Each structure stands twice: as structure tokens, then as C-alpha cells.
Amino acid sequence: MFTLAEVASLNDIQPTYRILKPWWDVFMDYLAVVMLMVAIFAGTMQLTKDQVVCLPVLQSTVNSKAQAGTSGKADVTTVETTTGQAEAASMRTVSPGSAPTVTPDVPLSRATSSQYQPTESGQTLKKEQKDSSGRKTNLDFQQYVFINQMCYHLALPWYSKYFPYLALIHTIILIVSSNFWFKYPKTCSKIEHFVSILGKCFESPWTTKALSETACEDSEENKQRLTGAQSLPKHVSTSSDEGSPSASTPMITKTGFKFSAEKPVIEVPSVTILDKKDGEQAKALFEKVRKFRAHVEDSDLIYKLYVVQTVIKTVKFIFILCYTANFVNAISFEHICNPKVEHLIGYTQFECTHNMAYMLKKLLISYISLICVYGFICLYTLFWLFRIPLKEYSFEKVREESSFSDIPDVKNDFAFLLHMVDQYDQLYSKRFGVFLSEVSENKLREISLNHEWTFEKLRQHVSRNAQDKQELHLFMLSGVPDAVFDLTDLDVLKLELIPEAKIPAKISQMTNLQELHLCHCPAKVEQTAFSFLRDHLRCLHVKFTDVGEIPAWVYLLKNLRELYLIGNLNSENNKMIGLESLRELRHLKILNVKSNLTKIPSNITDVAPHLTKLVIHNDGTKLLVLNSLKKMMNVAELELQNCELERIPHAIFSLSNLQELDLKSNSIRTIEEIISFQHLKRLTCLKLWHNKIVNIPSSITHVKNLESLYLSNNKLESLPAAVFSLQKLRCLDVSYNSIAVIPIEIGLLQNLQHFHITGNKVDILPKQLFKCVKLRTLSLGQNCITSIPEKVGQLLQLTHLELKGNCLDRLPATLGQCRLLRKSGLVVEDHLFDTLPSEVKEVLNQDTSIPFANGI
């Protein structure tokens, strides 16, 4: 027989799961334990004391009772003489009611002979009286044992024998049904995860700090505080600021929960300061809650399983009640048994007594009573399950009591679990709701961020950029630390991948800030901060994925000078270009758009009269419509890079103020339209690099004011003489083409300062090249040059000379005459440098403080 502890283990659940057991489940568990004890007690009693005792029913007794309905036959053999009848009558007279004393097991001869013996003697009468006090059956002990066992199985109702075991089985089924949802794998994992997260959320210091800082007091509590009532729970300190209500006073003051902090929870410093470890744990909890919600809200398996097990318990209750009620009266103390073993015993009927009948009947009544109570609770549970929509849970009350108005309502299994928790303690779901709020999460990030990024740490990340400005770059943070706005001498602020960036009013103290970068960072600004940016910001860089990420306040920065937009503006994907009107940007001078445009957005023309520089960098998307360019009459610099242009757009020829044109990385094959540039009197710089140009037309001579010509990375095989008629040309770049000869006409370019012909097929340097005495940069690398003329010494202003990658065997000693040339500006193989005389090497190795620039 198993013990109570072994059976009770079926009802054992993890202590942490108790939070999901409402009062009816707890009550039913206790009822199940009591029913289990009743069943085990009944079973133990039955195994140790259960038995029946049977005695044979005499035939004469049966006939005397049925004498009125018989035909006069008697079980006792009598003598048909008058003497025998008289004696029989006298015996009945002597012993009233002794007629059944004559037993069938007495031999007939003995019975008849006794009738002829003298009955008047005292000895015989005494013996006869003695025999009349009992009935002899002449059955031995083994026969009684046999009959008792036979009648136990034949005469006893089956419920008297199996009631304890049935009660035990029923109780085990009820126990299993009560806790099956904790054991079923597909629900157990979710429940275990939920309970774990719930416990951590309840005990998290962030929960207490968040609610204490942002909660609103109930009207009664406010009233008590105003009147100075001392009715706060003992676990909340009232040692400071009693009776002074404020928005930062804590809301949670319910009994049963103890705050871990000993300081008054109404102190702001104790609320806002969060330990780094606690902050990391809270951030991890936010992520766990988010993933758990997404995992659980898509199904209602837990709810359905709980409903099914409740229905099973209810059906079980009805079934037990129906069949046990019919067997209560069947359990009795006396039973009649007909074992049909007369050939062995000599009797056909026995009267039996069941010694456990009284006890079993009382236990059965107790069991039925417990089952009834259990069933009524099951019915109440079903009523609760279907009375309210348990697959929806609203945090409306929490939203009203706190500032976390964004706590979302949940559904399905997530909602059901929270409803179950509310039956245990509503404080759990209230504190759990903190981790469903984005406001709470953002506030945690803000506190953790400010705790980590102090003023000293930010100061260490400030650097100097190429323009010698103080720059701070913040990357992938949860927000903008408050200490950033204490760096009052900062010139450039870069915010990258900070989705929750907020610019407060404190930015107004950054008087040196003129450049702001927002890379995938749709920053929000306060009104005071916007006023400051509107008046002081000069340069803004915005990088985005969708045009909707561009903050609306960007279009209102009236004093903005430079705007850089990097992102998707394709009109095919967006029916309308998402740019708002740029009309308010009245002082905008430079507009740089790096996107995938098929046409120039019409909104850009709103600022066309003010623009002096327009840059469009496409990602290879062909720019088809360029008519809007005609409106930009004041544009001095125009860049159309990577736009898949095959020819120079005609709209450019209308830009009379154009000074620099850059058509880099297109598909231009011919530049015959260059003759039209003669109308662009101010054009000084033409960049046609990284195209597919095969030759340069002679009409280039009409662009007389050209000072810089970039034709690198094309397919040029020669340089026409017309190029060298551009007397104002200061920079000529024809690197990485297929040019084999440098024309002698190059000597005509007396103003040439920078000449780049790297990566071609040049083998001989003409002497006329060294007549360009103003050359400062000469790039001749990666060619087939075998020697450098001695006249290189005439280039007195030369600061950069590239010769690496040629077929040289020595360097001319006249390099020492280039007084501005230093070893750092001489790009050549080391072994060639060693061929120079020692005095030349000493001159080249000298330090100089004269700055130089390559002019590119």
C-alpha cells in the first residue's frame, strides 16, 4: 500500500506557481487532500479490519415463518401417533417458542426414540432446557471461514468492497486535473517563463523607483498627506516631508510589500539614482517581457487547457455524485447470502454481518459532502471563466494611477495569466505593467545613460576634425546624455543610430554649436531648443532610410546655410517626394542630396533662387528629368555624380553663374556639347572624371576661363593641342587613361601648377614640360618612363613629385635644386632614392615649415 506522502506528491507544484493559483484552486487542492485522506483511511481500515461473519439459516425457522403459505409439510420428521403429538404439544408448552429447536441435523432415530423416553424426569427436562438456549450447526471452523469468504464476495454490495479504492482513484484524477496545466509541456514552458519574469519584475528596484517617481497619489492618500495623517503603512517611511504632497511621491503604499530602501521613497535623489547592475537587469527585463509578449499573445492554449480541465473536474463531480448517491443506502450491517454450496455445508442460506458497514457509510457520506463542495467550486470557476472576457486584459486602472499612459492592453494567454495573477494579488500585474511601458523603458534608458556617460567621459570623446573644429560623435546610444549639453565649446555634434534622441532646452547654452549630424536619428526637440537651433544652426546633415524619418522641424530652420540629405527619395517608390516645402529655408546656400532620384524634386526649386551649390549623388539610378536646373540661376557649383548620364545635360548651359561642374562617375562617352560652355563665362572648373570619354574635342578652346580640368579614369589615348590653348589652366588631371605621349605644347601652360598623368603609357618626358616653372605637383607614377631629364631642377616651386612605378634606374642630381621638395613629397622607390648624391639626400631630408598643398 502506498503512503500518503507518495500520493500527495501528485498535488505538489513549484512554490513559485502559487501565484497563478486563485483561491478556488487552493481551496480545491485542500479539499482534494482531505478526500485523499478519507480514501486512504477507508482503504487502510478495510485492509486491516474488513470482514463478514455468517451463520446458517435453519430450515425450520424458514418454514415456521412461511407456515401460512405451505400445505402442511414439515421439515421435522414426526411420528403419526397421538402419543407423539401430545408430547410435541407438551414440549411446546414447556418451552414456548421452542418449535424451531428441532434441527435437521439431528438423526431421525434419535428424534423418535426420544419421544418414548420418560419426559417427567427432572434430568431430562434440565437437559432439554439447556439445549433450547442455542442452536447446534455441527459446522467446523474451516467451514465457517469458507462461508465467510464466499459470502464476502457474493452477499456484500460491490461498493462496500471498492469504495476506498474508487475514492482514491477519483481523488487522484481530480488532483491531476487541477495541476495538469502546470505539467503539460506546451504550457509549462510558458508558465515557467512568465512566473520567472513576473517575480523579477516585482522585485526589480527599477519597478519601485519608476512607480515612486511617476505615480499619482489617490485622493484619499493625498487628503491624508495634506492633513498630516499618520496612517501610512509601517513599511513606508514618513520621516521627512510629511503632509507635503508632490508629483514625485510614491503611489504604491500597500501592505504586504516591503521596500528594500531604508530612505524615504519620496526623496527624488534616491529614485533617480540607479545602480548600474540594477539598470542592466531592468533593461534585460524589458527585452524579455517584449519577446515573451510576442510569443504568448499569438495563442490561447493555456486558457483553453484551463477551461478543459475545469470542465473535466465538473463532469467528474457530477458523475461521482450521481452514482455514489445510489449506493449510500446499499451499505448495511446485515446481509443474506445464498452461496449454493449446500453439498459442502448442508445449508442453503446464511445471515451475515459486515463489521465495517457503519464506518464505511459514514466515510461515504463525508466523501459525498466533500465532493459536493468541490463541485460547487468547480461550477463557480466555470462561471468566472465565461463571465468576463479573460482573453483580454486592460491596464486602464494602472494608466489612470500612474504617468505610464502608454501601457498597452494585452490579449490571449498573456491576458489570461495576468487575470490569474490578479486573483492572487493585483499588485503583481500593476508592477508588471511598468515593463510594458515604452515611457518607462525610455526613462530607464535615460537614467542609465546619464549614469554611464558623465561629463568627463564625454570630454574624452571630443576630437578635432579636418576643419580644426571640436567634434563629438555619439553612436548607437539609447538617447542623448544630458552631459552633452554641458560641452558649451562644442562646434560639431554627430548623433548616429539613436532612435530616441531628444534635444532639450539645455542645448541653448552650446553657443558654439553650428553643425549637427543626424544619422538615422529622428531627433525630437523642445520648443526652446528649436528656437535656438533655428537661430544658430548653420549646417545640418540628415541620413535616413525613409523620408518620413526627416524631422519636421528641419524644414523650419530659417538660418540654415547647408543641408545634406542622404536617403531614399525615389519617386517610383514614393508617389510623392516626401520632402516638405523648403521655402522656409531662405538662407540655404548648399544643398547636398545623396539618393536614388529619377528627377530633381520640384520642392528643391523652392530654394533654387538662394542656392549657390547643388550636389546630387545618385546610387546608379538614371537621372532623367533635369529641367528644374534652369531655375537655379545663382548656382555656382553643380555636382551630378553617379547619375548614369550619357551626355552633358543641356539644362546646365543656362546656368550663367556656374563656376564649377562635376559630372563624376557617369556614362558620358562624348563631350561634343562642350562648345556650349562658352556661354558660361564664369566656369573655371570642369570635372569629367570616371566616365567613358574617348577623345577631347577641339571646341574646348572656347572655354577660355577654365582653370581646372579633370579627365582621369576615362579612355583617352591622346591629348589634343586644343587643351594647351587654355592659358588659365592651373590644374590638369588625365590620370589612368591610355595616353602614350605628352605633347610638346604643354610648355604653353605657363600657369600650370598641378599636372597628373599617373597610370598611363608615357615613356618620354618632353623638355617643354619643365618650362611650366610654376608646377607644384607633378604626378608621373605608373608609366613607362626610363629617365628624368636634368631640367627637372628648373621646377623651383615643386613640392610633390611622384615617380614610383616606372622604369627608372637613377634619379637626377638636379633634384636638389628644387628647394621646396622634401623627401616626404618625393614618391619613389627606396633604392632609387639611394642613387642620389649624399648632399642631395641631405637637402631632401631637411625639415621645412613651408606648408604646401596639392591643389586637388
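**Patch, disulfides, cores and salt bridges**

Mentor: Helix 16 gives the largest share of the nonpolar patch, three residues. This is a predicted model, in which local features need pLDDT of at least 70 and side-chain atom pairs count only at pLDDT 80 or more, while totals for chains, interfaces and linings use all residues. Residues are numbered from 1 along each chain as its sequence is written, and side-chain values use heavy atoms, with hydrogens and water left out.

Trainee: Which residues make the nonpolar surface patch?
Mentor: First the rule: patches take residues with over 30% relative accessible area and no salt bridge, joining like charges within 9 Å and nonpolar side chains (Val, Leu, Ile, Met, Phe, Trp, Tyr) within 5 Å. Areas come from the Shrake-Rupley method with a 1.4 Å probe, and for residues only the protein chains shown count as cover. Here Trp23, Phe27, Val373, Tyr380 and Phe383 form a patch of about 490 Å². Helix 2 (23-49) and helix 16 (357-387) each supply at least two of its residues; helices (H or I, at least four residues) and strands (E, at least two) are DSSP runs, numbered from the N terminus.

Trainee: Is phenylalanine 27 buried, partly exposed or exposed?
Mentor: Buried means under 20% relative accessible area, exposed over 50%, and partly exposed in between (1.4 Å probe, protein chains only). Phenylalanine 27, in helix 2, has a relative accessible area of 39% and is partly exposed.

Trainee: How many disulfides are there?
Mentor: A disulfide is a pair of cysteine sulfur atoms within 2.5 Å. That rule gives two. Cysteine 54 is joined to cysteine 352, S to S 2.0 Å. This pair links distant parts of the chain, strand 1 (residues 52-56) and strand 3 (residues 350-354), 298 residues apart. The torsion about its S-S bond is about 110°, so the disulfide of cysteine 54 and cysteine 352 is right-handed.

Trainee: Where does the other one lie?
Mentor: Cysteine 151 is joined to cysteine 337 at 2.1 Å, S to S. Cysteine 151 is in helix 7 (residues 141-154) and cysteine 337 in strand 2 (residues 334-337), so the link ties together parts 186 residues apart in sequence. With -90° about the S-S bond, the link of cysteine 151 and cysteine 337 is left-handed.

Trainee: What about the interior?
Mentor: In soluble globular proteins, nonpolar side chains tend to be buried together. A nonpolar core is a set of buried Ala, Val, Leu, Ile, Met, Phe, Trp, Tyr and Cys residues joined through side-chain atoms within 4.5 Å. The largest core has 131 residues, and those touching the most other members include Leu540, Ile652 and Phe755. Helix 22 (residues 527-536) gives the most to this core, four residues. Apart from it lies another core, of 84 residues, among them Leu364 and Tyr428.

Trainee: How many salt bridges does the whole structure hold?
Mentor: A salt bridge is a side-chain nitrogen of Lys or Arg within 4 Å of a carboxyl oxygen of Asp or Glu. The search finds 19. One joins lysine 687 and glutamate 660, with the closest N and O atoms 3.4 Å apart. Lysine 687 and glutamate 660 are both buried.
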